[in-house]
Every structure is written in C-alpha cells, then in structure tokens.
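Visitor: I have a structure to go through with you. Could we take it topic by topic?

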Amino acid sequence: MLIRVKGADSGIEDYLENGQKQGRENSRDELDERIILDGDLDSIRAVNESLDNNGEKYLHVTLAFKEDELSREVLEAITQDFKAFAFSAYESDEYAFYAEAHIPRIKSYVNSQNGEFIERKPHIHIVIPKTNLLSGGYLSPLGRIEQQTAFLEAFQELTNAKYGLASPKENRRTGFNLESEIVSRYKGDEFIGREVFTGHHKELKTKILTDILTRNIGNQDDLMALLSEYGSVRIRNEGRANEYLNVKPDPAGKGVNLKEYVFTPAFLGLSAEQKRQELSKVASAQYETAGPARPTPEEYQAILKDWHERRAKEIKYLNSGNKKQYAEYKSASPDKKAAILVERENRFYAKHRKTDYDLEDRDPERTLERIRENLGTVDRHIESASRIAGDLDRAGGNRTRRRIGRALRAVVERLARDQGRAVEGRETAHELSGKREADNVTGQLAHDHQEQKANARNAELSEFQEIRRHLDAARLLNALSHSHGVISEKYPISKGKDGGDRIQAGTRNLNVSDFLTKELNLPWAEAAKILRETYREQIGRESPGMGRQRPGQRLWDQFRISRKDVLLRNKAQWEAQRKNEADQKKAIRELFYAKRGGILGNRSLSQAERKARISIARMERIEQERVLRERIRKQRDELKASQRRPLKEEYAEWLTLKAQEGDVYALVELRRMQRKEKERTDDQEIHAGSAQEHREDAPFLTGSRLSYQVHRDGAVTYRRGANAVVRDEGRFVKVLQADDGNIETGLRLARAKFGRKLDIRGSDAFKAAVARVAAEKGLYVEFTDPRLNAILAARRAELQQARAQTRPGMPDSQAPRPQPQGRKETTGPTMPTIESVAPEIQRGQYSGRVVQVDANFVYQDHGREIIRHDRERFASAPVPGDYLRITYRDDQMKAERVPEKTRTRDNDRGR
C-alpha cells in the first residue's frame with residue numbers, strides 16, 4: 001500500500017461519481033465498482049459547499065495497492081485503521097469522514113495523451129472536510145504533510161505488514177501512482193530513461209544514470225563527483241531520512257532534484273550486474289495477491305506510538321499561531337509538554353461542549369427511525385450526520401457550525417424521503433441500473449443485497465448453466481481484453497468438476513459467470529449480456545479472435561498529433577462548462593447573502609423572526625444548490641456524450657484513412673488491432689500455401705484502372721469501375737466475381753502477399769479456372785493441390801505448343817495468336833485485342849519491340865509471348881516498332897527505349 005495526501009477546494013464529489021480525468025475516456029461506472037466503506041457523500045458535499053473560505057476545503061487521501069484483489073473486510077479494516085490514526089486527537093462528532101474503494105472493472109487502458117499503458121488496481125479514496133464540526137474552526141488532523149512524513153510512513157508500513165500487502169519500499173520500480181495505476185510505455189526501450197523517469201528533466205536524469213552504470217559509480221561521494229561535471233551540486237535535507245542530491249547545470253536556472261531510487265546509496269551500493277537486473281525489472285503479467293502478515297520493525301511501532309501520545313495532539317492544539325505559547329511548549333520538559341497538551345484538550349472541550357438548544361421542529365432521530373423502518377438496517381454514518389447536526393445547533397453562536405448543521409440535516413431528511421420512496425419496486429430498479437440508491441453505507445448494503453439476489457436467481461436459469469459448462473474461457477478473456485482491458489496472461493485456465501472452464505484469479509478458481517461478477521465486479525445485467533454474446537459467437541463458430549494488441553509507437557505518435565485540435569476543442573468546451581457552473585453557484589450564493597443582509601438589516605423584525613427567515617433562506621439555498629447539481633450533472637453527461645468516442649474507434653478510423661491514402665503500414669496496424677480474425681468461407685478464396693510466406697505489408701494493387709477501398713475491419717476491396725472484383729481479407733484473398741480478369745487480379749494480389757505457393761479454396765470449377773488463368777497469364781505460381789498443378793502444367797504445355805506452331809517464318813507484328821480452347825478471353829471493358837499475357841508486376845523484366853498499341857494496352861513481343869502493359873502506366877504512349885526494356889518492381893513500372901547496340905544482349909536474355 002502507498003499512502004498519499006493532498007488538499008483541494010472542489011471537484012472531489014464529481015470525480016468520485018463520474019471518474020473523468022485527462023487522458024482517460026471511461027466514466028466511473030465503467031471504470032470501477034464503487035464500494036462505500038464509511039460515511040455519506042452527500043453529507044461531505046453539504047459540508048464542503050457550506051464553507052466560505054477561498055483556500056483548500058478538504059483533504060483527499062488515497063490508499064493505493066499493488067494487489068489485484070483485496071477482500072471487502074480488508075478494505076474496511078484498513079479504512080478504520082486510517083480513521084483511528086488520522087483522528088487520534090479528535091472525538092467522533094468533530095469531523096466529517098468519507099471513504100470509498102474503487103475496484104477496477106476496466107483492468108487496463110491506453111492513456112490518450114501520451115500512449116502509456118495503464119494497468120489499474122484497487123484503491124481507496126478518503127475525503128475529510130477541513131472544518132471542525134464541533135468548534136466551527138479549522139481542522140487539519142495531519143497538519144503540514146511534509147512534516148509528518150515519518151508518521152505517515154510508519155502507518156503505511158505497519159498496515160502493509162499487518163495485512164500482508166506489498167510495500168513501495170520493496171517495489172521501487174513498480175511505479176504505481178496515487179490510484180494504483182501501474183504505468184508502462186509502448187516505447188521499444190528496454191532500458192533506463194522512459195522506464196525509470198517520468199515528468200521533467202527526463203533526458204538529464206537518463207544521462208546521469210547512464211554514466212552511473214558505465215562508470216560503475218558505487219557510492220554517494222563518487223556520484224557527487226560525477227554530478228560536479230554537470231554543474232553545481234548540493235545535498236538537500238542533509239542528515240535526514242529523506243536526504244537527496246540536487247544538481248544545477250545552468251547557474252541561472254533551477255536545480256534538478258535527484259530523488260529517484262537509482263540516485264540513492266541503496267542503489268549505488270549494488271554491483272553492476274545487480275543494478276542492471278534492478279533496471280530490467282518490469283511489471284510482469286502475474287496476478288498479485290496479499291501475503292501473510294509479517295512482523296514490523298520496532299522503529300515504526302515507536303513512531304506510531306509517539307503519534308498517538310504526542311504529535312497528533314500537538315497538531316490539533318498548538319496550531320493557533322501564538323508563537324510565545326509554541327516557544328514555551330518547545331522549551332518544556334516531556335512531562336510538562338504532556339501536561340500542556342492535557343490542559344489544552346480540557347480547555348477546548350469545556351469551551352465547545354455547551355448546551356444551547358436551538359432546534360427546529362424537525363427531529364433528526366425520527367428521520368433516522370423512518371430510515372430504519374424502510375430499510376430494516378441502520379446507517380451509522382447518516383446517524384452520525386444527524387447527531388452532528390443537532391450538536392452543532394446546540395453548540396451556540398457560531399455561524400459556520402449552524403450552517404453546516406442545517407446542511408447536514410437537509411441531507412438526512414432528503415435521504416429519508418428518497419429511501420422511503422425507493423422501498424417499493426427497489427429490486428426492478430436495481431436490476432435495470434445496477435447502481436446503489438445513495439452513496440453511503442446503507443445504500444451500499446442494499447446494493448450488495450439486491451446484487452446477490454439477482455446472481456442467485458439467474459444462476460439457476462438453465463441458459464446460464466449451459467453457458468457456464470460450455471463457454472470457452474479463453475474466448476471470453478480475449479473478448480474482455482478488448483472491452484475491459486483484461487490482461488489475459490494473468491489468468492490461467494483449468495477445468496472444473498462439472499467440465500466447465502475455470503479462470504484462476506489469485507487463489508480463486510472462478511467459472512466464467514463468477515469471473516465477470518467477482519473479478520470484474522460487473523452488475524449481473526451487464527455480465528449476462530457478455531455471457532450471451534460470447535457464447536452466441538462460440539456456437540456460431542466465429543473465430544475466437546485475438547487478444548487486445550498494443551498500438552505501434554510510430555503510428556500512435558502520429559495519431560496523437562492528429563488529435564490535438566480535437567483535444568483543444570474538447571478542453572475549451574469543458575472550460576466553458578466549468579465557468580458556467582461557477583457562475584450559477586456564485587449567483588445562488590450571492591442571492592442568499594443578499595437575502596440574509598436584507599433580513600439582518602430589517603429593524604422591524606424580532607431576533608426570533610430574523611433567525612427563522614434566515615433559516616428559511618438557507619434551506620432555499622440548499623435546495624437551489626441541489627437542483628443545480630442535478631442540472632450540472634445532466635449538462636456534463638450531455639457534454640461527455642457529445643465528445644465521447646472510444647479511443648480505439650478513433651484510432652481505427654484514423655488508420656483506415658491512412659491506409660486509404662496508400663500507407664501499407666497503417667493497413668497492417670489496422671488488421672493487427674482487430675478483435676477478431678476474418679472468418680473464411682472457403683468459397684472462391686486464395687490462401688497462403690505456407691504460413692511462413694505471409695506478408696501483411698504487401699503493397700496495394702494499382703493499375704488496370706483498379707481502385708480500392710479500405711474498410712474499418714482491415715479488409716481492402718478492389719474495384720474495376722463500379723464493380724467489386726477482389727477483396728483482400730488479410731489472411732486470404734477472396735475473388736468476388738470469378739471471370740478471368742478478376743481471377744488474374746486475385747492471383748497477383750495473393751502472389752504479392754503469400755509468395756508463389758498458394759492454397760485455392762472453392763468449387764472444383766473455380767479451382768480449375770484459377771489454374772488455367774495462372775497458365776494463360778504467365779504467372780509464376782504453384783498450388784498445394786497436386787491436381788491444380790497438373791492442370792497448370794498441361795495448359796502451359798498447350799500454349800507453348802500453339803506458339804511454336806505459329807511463329808516460324810512469320811513477321812513479329814503479323815503472327816496470329818491462338819485463342820484459348822473453347823473460350824474467349826474476357827476482362828470487361830479492358831479486353832485485349834490480341835492474345836497476350838499480363839506482366840509479373842511484382843518482379844518482372846521484359847525487353848522487345850512494341851507490336852501494337854490500342855486504347856488500353858501496349859503489346860510487346862517478348863520472345864515466346866506477347867506481353868500487354870497497361871497504357872496508362874506510360875508517360876507517353878510508345879508506337880509500334882519502338883524497342884523497350886520494361887521493368888516492374890512491387891507494382892511500379894519503369895520503361896526505357898533500348899539503343900540498337902544493346903538489343904542483342906536484351907534479346908538473348910529475353911529468349
């Protein structure tokens with residue numbers, strides 16, 4: 001576990017509910033199963049919105065885990081442990097506290113901003129408003145975070161030991177961030193910079209690390225000597241546990257902090273081989289689980305003991321800003337310090353435990369009684385909010401306390417009304433939405449209960465019993481790798497006693513249904529849909545497809561650059577949305593202040609009347625803010641919907657356009673990123689005769705008035721005019737219209753992709769036509785089917801014999817050409833006017849005299865054959881009698897006239 005604390009002034013509630021952040025396109029409900037561990041989010045919102053200060057309004061604490069799975073009990077226990085740690089010096093009615101765990105449904109994703117691959121893990125978010133609900137004063141239980149590093153680390157490491165969790169001290173290069181998102185990159189580097197460093201000064205740090213390795217730097221003194229070559233060097237926090245080096249290459253610029261593990265004595269002290277082993281570690285595709293509890297160093301236990309006995313109370317009671325009092329405390333003996341803290345504690349509670357009852361007609365306890373009656377359970381956190389509201393009203397005088405009290409009471413009453421209305425028809429509504437009715441523990445318990453009932457009820461259906469027994473788990477994992485970022489390699493597959501597949505997730509062996517609901521935490525309605533669709537594909541004999549592929553870096557970088565305008569537009573729309581929200585909130589706030597000012601300035605009103613009217617105005621403000629929140633939520637949903645398009649769809653469309661422009665590598669990438677391989681029909685198809693011969697980067701066919709269209713699934717359809725004649729499906733070529741010209745096109749495309757050896761699928765008539773056309777067009781191919789090779793050889797012999805009978809003694813330009821037996825050659829609108837063969841456009845060379853030119857072709861005498869070249873390939877059409885050397889390389893033609901003195905050599909080569 002890694003603990004991090006930061007403060008903020010707004011936005012946490014929206015983030016927890018909706019989950020959007022830069023570079024990530026999924027909503028919260030798509031990303032995670034939210035588990036409410038403690039508190040009520042609406043109460044937190046009410047408290048935060050009631051604070052008028054301009055600075056930070058709450059603490060946001062994140063507990064991040066390396067483990068892939070943690071039980072609900074462990075998450076709850078860790079939350080309560082942190083609560084006890086943070087509020088060691090406080091009583092329960094002094095603070096508002098909220099915690100929710102995020103259990104990933106999307107297991108990994110690609111960051112749209114930088115192309116990083118993000119693996120997601122469970123984590124806990126904790127929110128603590130910075131106001132003391134008892135005194136109305138400032139609350140910061142952890143004080144200045146940078147001064148509590150040792151205490152936070154002690155809590156972190158004791159917790160890791162207690163629950164058997166991975167420690168960041170033992171996993172320095174895992175790199176999990178504040179949300180347990182483990183980052184790796186698509187770059188091809190196996191080494192150093194992009195793997196070790198993030199943020200600014202990456203290049204400088206990479207160079208320094210390279211020098212450490214190549215020069216075998218083994219201690220801090222040697223490192224400082226090395227750094228002096230880069231600029232001035234100093235030690236920051238010298239003598240402390242968080243000591244680190246700083247180098248300043250530019251005297252006029254800022255220094256660069258070298259805080260990373262690779263610049264610490266612990267790393268420098270490793271041998272050269274150990275250093276390289278440490279750097280070569282990457283997050284492996286293995287499922288991480290918690291281990292057994294382990295003992296913790298006494299050092300940490302002593303630090304935590306000191307926190308509870310001294311430091312937590314110092315933060316609470318000695319932060320008044322009175323320097324004289326603080327100096328007196330610092331100079332006191334330990335016993336005197338303890339006495340001062342006890343005296344301050346007693347004085348605080350004596351002041352703020354007054355009983356000035358100022359209750360309105362509403363009774364929060366009755367509200368809670370109605371909640372108990374409706375739900376049959378007690379939400380201790382709503383009860384706490386109700387109690388706090390009453391305590392604040394009784395506590396007298398302070399406007400902040402009264403405002404918070406009214407806000408909390410309004411939340412409690414709204415929850416009671418909403419939950420009361422929701423009792424009837426709860427099961428149906430839950431099954432449709434899969435969402436809890438309120439973001440509090442009561443709502444979570446009700447959600448869990450209904451989900452368990454839905455799972456149990458549907459598990460008995462015969463449809464899902466069959467699916468659990470027969471669904472291929474590998475197929476399911478492949479599908480989930482695309483839809484939910486599941487890293488398939490982390491989940492071994494075995495067989496259960498019922499014959500159905502089991503997917504191992506840590507120590508659990510889950511059937512396909514349980515994997516969706518217990519590992520991906522999907523609501524049953526969504527899990528059932530996935531099971532049905534995947535099983536339907538299986539029994540329909542669709543290809544199981546390929547697991548999700550990571551994008552190639554070069555094309556991905558180009559794609560990201562192309563999206564900049566879209567991102568800037570989206571950013572501007574969100575900025576306008578946030579400004580509009582702020583303006584509306586400000587208008588409500590100012591209206592309330594104006595009303596309150598008018599009431600306070602009205603001398604004709606009694607004090608009781610002023611109090612009543614201000615209370616009404618405050619409740620009106622709370623209601624207006626509630627309505628505004630709903631309106632804002634709807635506006636944000638609409639904006640997200642207008643901008644939202646899965647990144648993989650954008651990438652596929654961009655690749656399609658690039659491929660349409662002739663980028664062969666974009667076509668290869670488009671096919672590689674497909675979820676499913678193309679399903680073959682074995683009808684008029686040409687496949688590779690050898691798997692080793694397959695070339696995905698074969699060039700597009702052009703010429704002979706062929707055009708092509710690239711489809712989103714990576715298929716390429718070739719057209720002659722308006723007619724689709726051949727489709728390149730990636731793993732095979734399909735002839736759509738089986739006349740001779742189209743078969744020839746298909747053969748040439750297959751020859752470029754698969755090499756000379758081909759496997760022909762289809763009817764016997766189609767196979768025979770392919771073999772005959774290959775012979776008549778002079779294509780250098782062979783087939784996996786011996787019968788087709790026999791047809792090919794026989795037809796070649798017939799053509800050679802026919803040519804031999806007609807050539808002796810006849811002028812080249814006058815020699816008649818035999819027509820194929822029993823047929824006429826047809827190639828649509830471009831039918832040759834004399835018997836001829838097409839050139840080998842991938843790798844062919846032809847020398848000879850031009851014997852005829854028509855509207856479509858240039859006919860060249862090439863010894864034993866007349867070769868026809870597409871006339872449109874020539875910059876200027878030759879004339880009969882011209883002697884040409886024509887060379888083809890990868891469908892590109894080069895034609896040159898041959899001088900008289902070199903013709904003999906060309907004729908010898910040609911014949």
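Visitor: How do the axes of helix 4 and helix 5 lie, and at what angle do they cross?
Guide: This is a predicted model. In it, the axes of helix 4 (residues 72-86) and helix 5 (residues 149-163) cross at roughly 150° and come within 11 Å.

Visitor: Which term describes helix 4 and helix 5 relative to each other, roughly parallel or roughly antiparallel?
Guide: Angles over 145 degrees count as roughly antiparallel, and the crossing is at roughly 150°. Helix 4 and helix 5 are therefore roughly antiparallel to each other.

Visitor: Is the crossing left-handed or right-handed?
Guide: Helix 4 passes helix 5 in a right-handed crossing.

Visitor: Which residues make the contact?
Guide: Helix 4 contributes Val74, Ala77, Ile78, Asp81, Phe82 and Phe85, while helix 5 contributes Phe151, Leu152, Phe155, Thr159, Lys162 and Tyr163. By class, nine of the contact residues are nonpolar, one is polar and two are charged.

Visitor: Changing topic, how many helices and strands are in the protein chain?
Guide: The protein chain has 31 helices and 26 strands. It comprises 911 residues, of which 50% count as buried.

Visitor: What share of the contacts with a separation of 6 or more is between residues 24 or more positions apart?
Guide: Such residues account for 68% of those contacts in the protein chain.

Visitor: What pLDDT does the protein chain average?
Guide: The average is 78, and 77% of the residues score at least 70.

Visitor: And where does pLDDT stay under 50?
Guide: One such stretch is residues 184-195, for which the model has 32 contacts beyond four places in sequence. Residues 415-433 are also below 50, and this stretch has 32 contacts beyond near neighbours in sequence. Where pLDDT is low, the predicted coordinates should not be read in detail.

Technical notes:
Residues numbered from 1 in each chain as written. Predicted model: local features only at pLDDT ≥ 70, side-chain atom pairs only at ≥ 80, totals over all residues. Heavy atoms only, no water. pLDDT = per-residue confidence, 0-100. Contact = heavy atoms within 4.5 Å. Axes fitted to C-alpha atoms, helices over the stretch in contact; angles between N-to-C directions. Helix = DSSP H or I, 4+ residues; strand = E, 2+ residues; numbered from the N terminus. Parallel < 35°, antiparallel > 145°, perpendicular 65-115°, else oblique. Left-handed = near helix turned anticlockwise from the far one by under 90°. Nonpolar A, V, L, I, M, F, W, Y, C, P; charged D, E, K, R; others polar. Buried < 20%, exposed > 50% of the residue type's maximum accessible area, 1.4 Å probe, protein only.
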